[in-house]
Amino acid sequence: ELLQQLSARAIDPRSMQVAGLLQERNNGGFYDRFRNRLIFPIRDRDGAVVGFGARAMGDDQPKYLNSAQSSLFDKSRILYGLDLARDAIRDEDRVVVVEGYMDVIALAQAGFGEAVAPLGTALTEQQIIMLWRMVPKPLLCFDGDSAGQKAAFRAAQRALGGLKPGHSLEFVTLPEGMDPDDLVKKSGARAFGALLDQAEP
């Protein structure tokens, strides 16, 4: 347990609360914010850890949980995986935006190192501007369900104010009910690449 490890090392729990790793109980004391979860470090574009994301191992809700907003961790201005994707984005001259950590990891394993993801929220205006600084037409590849379609529509609306010649968005449509992780596992990297080639403006 994280709290026990910190106590054994004489680390002040309050500093870990500020870092977003512990929560204070109503009746005093602390508990692990990310208990029973698989934890992903979230890094800024330069590779410095600025927060954590965590996926529930069982049926706990919410399924994904991020560090709390702070002066260091502003999820509206961070793209998961960007620090590792920068070289691939430059080499491929494209960036693929997916919905979650697991999609980024699955695509990297399948040879698509240019994938990044927002942190559990709709793509923000700030994130769209970050993407346009890297490539003129980012590819948005959200899940093939109604929630994914709504996320794509919201991203399109948010991009409208910044559209200019040479800057746009392209959308990749996945089969109904599938996400990028599912697709590469079921059909392979070539099938996913073919969908990227069919992206629509």
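Helices (H or I, at least four residues) and strands (E, at least two) are DSSP runs, numbered from the N terminus. The model is predicted, with local features requiring pLDDT of at least 70 and side-chain atom pairs pLDDT 80 or more, while totals for chains, interfaces and linings use all residues. Residues are numbered from 1 along each chain as its sequence is written, and side-chain values use heavy atoms, with hydrogens and water left out.

Q: Where is aspartate 93 found, and why is aspartate 93 called exposed?
A: Aspartate 93 belongs to the loop between α3 and β6. A residue is exposed over 50% relative accessible area, buried under 20% and partly exposed in between (1.4 Å probe, protein chains only). Aspartate 93 has a relative accessible area of 53% and is therefore exposed.

Q: What kind of peptide bond joins glutamine 61 and proline 62?
A: The bond is cis, with omega at about -5 degrees. Proline 62 sits in the loop between β4 and β5.

Q: How do you know that β3 and β4 pair?
A: Two strands pair if DSSP finds at least two bridges between them. β3 and β4 have seven bridges and pair in the antiparallel sense. One example is leucine 38, whose bridge partner in β4 is arginine 55. The hairpin of these strands has five residues between them, and its glycine 47 takes a positive phi near 95 degrees.

Q: Why are β3 and β5 said to stand at the edges?
A: Three strands form an open sheet in the order β3-β4-β5, with antiparallel pairing. β3 (37-43) and β5 (64-66) each have a single partner strand, so one side of each lacks a neighbour in the sheet. From one strand to the next, the twist averages 25 degrees. Strand β4 (residues 49-56) is joined to β5 by three bridges, and glycine 53 has asparagine 66 as its bridge partner in β5.

Q: Why is α5 called roughly perpendicular to α6?
A: Axes are lines fitted to C-alpha atoms, for helices over the stretch in contact, and angles run from 0 to 180 degrees between N-to-C directions. Angles of 65 to 115 degrees count as roughly perpendicular, under 35 as roughly parallel, over 145 as roughly antiparallel and the rest as oblique. The axes of α5 (residues 125-134) and α6 (residues 146-159) come within 9 Å and cross at roughly 75 degrees. That angle makes α5 roughly perpendicular to α6. Contact, defined as heavy atoms within 4.5 Å, is made by Glu125, Ile128 and Trp132 of α5 and Ala155, Arg158 and Ala159 of α6.

Q: Why are α7 and α8 called oblique to each other?
A: Their axes come within 6 Å and cross at roughly 130 degrees, and α7 and α8 are therefore oblique. Pro180, Leu183, Val184 and Ser187 of α7 meet Ala191, Phe192 and Leu195 of α8.

Q: What makes aspartate 181 count as buried?
A: Aspartate 181, in helix α7, has 11% relative accessibility and therefore counts as buried. Leaving aside residues up to four places away in sequence, aspartate 181 touches Met102, Asp103 and Ala106.

Q: What makes a polar contact between arginine 94 and glutamate 114?
A: A polar contact is a pair of N or O atoms within 3.5 Å; within protein, one must be able to donate a hydrogen and the other to accept it, and residues adjacent in sequence count only if both atoms are side-chain atoms. The side chains of arginine 94 and glutamate 114 are joined by such a contact of 2.7 Å. Arginine 94 lies in the loop between α3 (82-92) and β6 (96-97).
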